[in-house]
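Student: Can you take me through the pockets of a protein model?

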Amino acid sequence: AEVTKVVLDEDSGRIEIVVPDEQLSLAIGRRGQNVRLASQLTTWTIDLLTEGEESERRQEEFRSRSKMLIDALDVDDVLAHLLVTEGFTSVEELAFVPLEELTGIEGFDEDIASELKARATAYIEEENKKVMARLEELGVTEDLSGADIEGLDAKKIIALAEKGVKTLDDLADLAGDELVELLGPDVIKEDAANTIIMAARAHWFPAGPT
(Lines give C-alpha, C1' and ligand atoms only; values in the text may rest on other atoms or scores of the structure.)
Protein backbone atom coordinates (compact mmCIF):
# COMPACT_ATOMS: atom_id res chain seq x y z
CA ALA A 1 0.00 0.00 0.00
CA GLU A 2 1.08 3.58 -0.63
CA VAL A 3 1.82 5.29 2.68
CA THR A 4 1.21 9.04 2.64
CA LYS A 5 2.28 9.85 6.19
CA VAL A 6 3.92 8.24 9.22
CA VAL A 7 3.78 9.85 12.67
CA LEU A 8 5.76 8.43 15.61
CA ASP A 9 4.76 9.04 19.23
CA GLU A 10 7.72 7.79 21.23
CA ASP A 11 6.14 8.59 24.61
CA SER A 12 3.18 6.28 24.02
CA GLY A 13 4.95 3.84 21.71
CA ARG A 14 2.44 4.34 18.90
CA ILE A 15 2.90 4.68 15.15
CA GLU A 16 0.21 6.38 13.10
CA ILE A 17 0.15 5.44 9.43
CA VAL A 18 -1.99 7.27 6.87
CA VAL A 19 -2.92 5.65 3.56
CA PRO A 20 -5.24 6.64 0.69
CA ASP A 21 -8.88 5.78 1.39
CA GLU A 22 -9.05 3.20 -1.39
CA GLN A 23 -5.95 1.36 -0.08
CA LEU A 24 -7.08 0.77 3.49
CA SER A 25 -7.96 -2.91 3.04
CA LEU A 26 -4.69 -3.51 1.19
CA ALA A 27 -2.72 -1.93 4.03
CA ILE A 28 -4.56 -3.89 6.70
CA GLY A 29 -4.08 -7.19 4.91
CA ARG A 30 -6.19 -10.31 5.18
CA ARG A 31 -7.58 -10.55 8.71
CA GLY A 32 -5.30 -7.68 9.73
CA GLN A 33 -2.13 -9.69 9.22
CA ASN A 34 -0.09 -6.80 7.77
CA VAL A 35 -0.71 -4.49 10.71
CA ARG A 36 -0.34 -7.30 13.23
CA LEU A 37 3.00 -8.45 11.82
CA ALA A 38 4.35 -4.92 11.53
CA SER A 39 3.35 -4.28 15.14
CA GLN A 40 5.11 -7.44 16.29
CA LEU A 41 8.27 -6.58 14.36
CA THR A 42 8.47 -3.00 15.63
CA THR A 43 7.00 -3.69 19.13
CA TRP A 44 4.96 -0.50 18.63
CA THR A 45 1.20 -0.13 18.52
CA ILE A 46 0.13 0.77 14.96
CA ASP A 47 -2.89 2.92 14.17
CA LEU A 48 -3.95 2.83 10.53
CA LEU A 49 -5.94 5.80 9.20
CA THR A 50 -7.25 6.78 5.81
CA GLU A 51 -6.59 10.25 4.45
CA GLY A 52 -10.27 11.04 4.98
CA GLU A 53 -10.15 9.97 8.63
CA GLU A 54 -6.99 11.96 9.22
CA SER A 55 -8.59 15.04 7.64
CA GLU A 56 -11.61 14.70 9.93
CA ARG A 57 -9.36 14.33 12.94
CA ARG A 58 -7.30 17.39 11.99
CA GLN A 59 -10.52 19.40 11.74
CA GLU A 60 -11.64 18.14 15.15
CA GLU A 61 -8.24 19.00 16.65
CA PHE A 62 -8.51 22.48 15.14
CA ARG A 63 -11.94 22.96 16.72
CA SER A 64 -10.91 21.62 20.13
CA ARG A 65 -7.70 23.68 20.26
CA SER A 66 -9.59 26.79 19.22
CA LYS A 67 -12.19 26.22 21.95
CA MET A 68 -9.44 25.66 24.52
CA LEU A 69 -7.87 29.02 23.67
CA ILE A 70 -11.26 30.76 23.63
CA ASP A 71 -12.08 29.45 27.10
CA ALA A 72 -8.63 29.97 28.62
CA LEU A 73 -7.84 33.39 27.18
CA ASP A 74 -11.35 34.84 26.81
CA VAL A 75 -10.78 35.69 23.14
CA ASP A 76 -13.14 35.45 20.17
CA ASP A 77 -13.15 32.57 17.73
CA VAL A 78 -11.44 34.56 14.97
CA LEU A 79 -8.41 35.25 17.15
CA ALA A 80 -8.35 31.69 18.46
CA HIS A 81 -8.52 30.26 14.95
CA LEU A 82 -5.65 32.49 13.87
CA LEU A 83 -3.48 31.35 16.78
CA VAL A 84 -4.16 27.68 16.04
CA THR A 85 -3.42 28.25 12.36
CA GLU A 86 -0.10 29.79 13.38
CA GLY A 87 0.75 26.55 15.21
CA PHE A 88 -0.11 27.32 18.83
CA THR A 89 -1.52 24.22 20.51
CA SER A 90 -1.40 25.17 24.19
CA VAL A 91 -1.67 28.12 26.54
CA GLU A 92 1.87 27.39 27.74
CA GLU A 93 3.26 28.04 24.26
CA LEU A 94 1.63 31.46 24.25
CA ALA A 95 2.89 32.32 27.72
CA PHE A 96 6.52 31.55 26.94
CA VAL A 97 6.82 32.45 23.27
CA PRO A 98 9.04 35.50 22.57
CA LEU A 99 6.97 38.66 22.13
CA GLU A 100 8.45 39.31 18.69
CA GLU A 101 7.12 35.97 17.45
CA LEU A 102 3.58 37.07 18.27
CA THR A 103 4.01 40.55 16.84
CA GLY A 104 5.21 38.89 13.65
CA ILE A 105 1.71 37.52 13.06
CA GLU A 106 -0.22 39.64 10.60
CA GLY A 107 -2.65 41.92 12.43
CA PHE A 108 -0.90 41.57 15.82
CA ASP A 109 0.73 44.63 17.34
CA GLU A 110 2.72 44.78 20.58
CA ASP A 111 -0.35 45.61 22.68
CA ILE A 112 -2.28 42.57 21.45
CA ALA A 113 0.74 40.30 21.84
CA SER A 114 1.47 41.54 25.36
CA GLU A 115 -2.17 41.13 26.42
CA LEU A 116 -2.27 37.56 25.09
CA LYS A 117 0.90 36.63 26.95
CA ALA A 118 -0.43 38.23 30.14
CA ARG A 119 -3.72 36.32 29.91
CA ALA A 120 -1.87 33.07 29.20
CA THR A 121 0.41 33.59 32.18
CA ALA A 122 -2.52 34.39 34.47
CA TYR A 123 -4.36 31.28 33.30
CA ILE A 124 -1.35 29.03 33.97
CA GLU A 125 -0.87 30.50 37.44
CA GLU A 126 -4.53 29.88 38.27
CA GLU A 127 -4.37 26.30 36.97
CA ASN A 128 -1.22 25.68 39.02
CA LYS A 129 -3.03 26.86 42.14
CA LYS A 130 -5.84 24.41 41.43
CA VAL A 131 -3.35 21.58 40.93
CA MET A 132 -1.54 22.34 44.17
CA ALA A 133 -4.84 22.53 46.05
CA ARG A 134 -5.89 19.16 44.63
CA LEU A 135 -2.55 17.57 45.55
CA GLU A 136 -2.90 18.88 49.10
CA GLU A 137 -6.51 17.72 49.28
CA LEU A 138 -5.46 14.21 48.25
CA GLY A 139 -2.64 14.14 50.80
CA VAL A 140 0.19 13.77 48.30
CA THR A 141 3.55 14.07 50.03
CA GLU A 142 6.09 16.62 48.92
CA ASP A 143 8.61 13.98 47.86
CA LEU A 144 6.13 12.81 45.20
CA SER A 145 4.55 16.12 44.21
CA GLY A 146 7.99 17.69 43.87
CA ALA A 147 9.70 14.71 42.26
CA ASP A 148 11.72 15.65 39.18
CA ILE A 149 11.04 12.50 37.17
CA GLU A 150 10.82 12.64 33.41
CA GLY A 151 7.41 11.54 32.18
CA LEU A 152 5.72 12.09 35.56
CA ASP A 153 3.60 15.24 35.52
CA ALA A 154 1.03 16.68 37.92
CA LYS A 155 -1.86 15.15 36.01
CA LYS A 156 -0.39 11.66 36.39
CA ILE A 157 0.42 12.26 40.06
CA ILE A 158 -3.18 13.31 40.76
CA ALA A 159 -4.49 10.24 38.91
CA LEU A 160 -2.20 8.02 41.00
CA ALA A 161 -3.11 9.75 44.26
CA GLU A 162 -6.80 9.19 43.55
CA LYS A 163 -5.94 5.47 43.49
CA GLY A 164 -3.91 5.48 46.69
CA VAL A 165 -0.38 6.21 45.44
CA LYS A 166 0.49 9.28 47.51
CA THR A 167 4.19 9.05 48.36
CA LEU A 168 7.39 8.50 46.42
CA ASP A 169 7.78 5.14 48.18
CA ASP A 170 4.25 4.17 47.11
CA LEU A 171 5.29 4.82 43.52
CA ALA A 172 8.62 3.04 43.94
CA ASP A 173 6.85 -0.05 45.31
CA LEU A 174 4.91 -0.48 42.07
CA ALA A 175 5.94 -2.65 39.16
CA GLY A 176 5.87 -1.19 35.67
CA ASP A 177 2.77 -3.13 34.65
CA GLU A 178 0.97 -1.94 37.79
CA LEU A 179 1.71 1.67 36.90
CA VAL A 180 0.36 1.07 33.39
CA GLU A 181 -2.79 -0.46 34.88
CA LEU A 182 -3.30 2.50 37.22
CA LEU A 183 -2.80 5.18 34.56
CA GLY A 184 -4.10 3.28 31.56
CA PRO A 185 -2.26 1.93 28.49
CA ASP A 186 -3.34 4.96 26.44
CA VAL A 187 -1.53 7.22 28.90
CA ILE A 188 1.71 5.34 29.38
CA LYS A 189 3.52 2.31 27.96
CA GLU A 190 5.36 -0.26 30.04
CA ASP A 191 8.86 0.87 29.00
CA ALA A 192 8.11 4.44 30.10
CA ALA A 193 6.46 3.14 33.27
CA ASN A 194 9.54 1.08 34.14
CA THR A 195 11.74 4.14 33.66
CA ILE A 196 9.55 6.16 36.04
CA ILE A 197 9.59 3.37 38.63
CA MET A 198 13.38 3.09 38.53
CA ALA A 199 13.72 6.86 38.93
CA ALA A 200 11.35 6.73 41.90
CA ARG A 201 13.55 4.05 43.50
CA ALA A 202 16.76 6.06 43.07
CA HIS A 203 16.56 7.39 46.65
CA TRP A 204 16.68 3.81 47.94
CA PHE A 205 20.20 3.43 46.56
CA PRO A 206 22.19 6.54 47.46
CA ALA A 207 25.38 6.94 45.51
CA GLY A 208 28.47 5.77 47.35
CA PRO A 209 31.76 7.64 47.63
CA THR A 210 33.44 8.42 44.35
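This is a predicted model: local features need pLDDT of at least 70, side-chain atom pairs count only at pLDDT 80 or more; totals for chains, interfaces and linings use all residues.

Tutor: Residues are numbered from 1 along each chain as its sequence is written, and side-chain values use heavy atoms, with hydrogens and water left out.

Student: What volume does the largest pocket have?

Tutor: About 700 Å³. A pocket is an open set of points on a 1 Å grid over the protein atoms alone, where a 1.4 Å probe fits, with protein on both sides within 12 Å along at least five of seven lines. The volume is the space filled by probe spheres set on the points, which are joined across faces, edges and corners.

Student: How many residues line the largest pocket, and which lie nearest its centre?

Tutor: The lining has 25 residues, with Asp 9, Glu 10, Asp 11, Ser 12 and Gly 13 nearest the centre. Lining residues have an atom within 4 Å of a point.

Student: Which element gives the most to that lining?

Tutor: Helix 12, with 5 residues. Strand 1 (5–9), strand 2 (14–19) and helix 12 (190–200) each supply at least two. Helices (H or I, at least four residues) and strands (E, at least two) are DSSP runs, numbered from the N terminus.

Student: Switching topic, what about the second largest pocket?

Tutor: Its volume is about 430 Å³. Among its lining residues are Glu 92, Asp 153 and Ile 158. Helix 7 (110–138) and helix 9 (154–161) each give two or more residues, and helix 7 gives the most, with 4.
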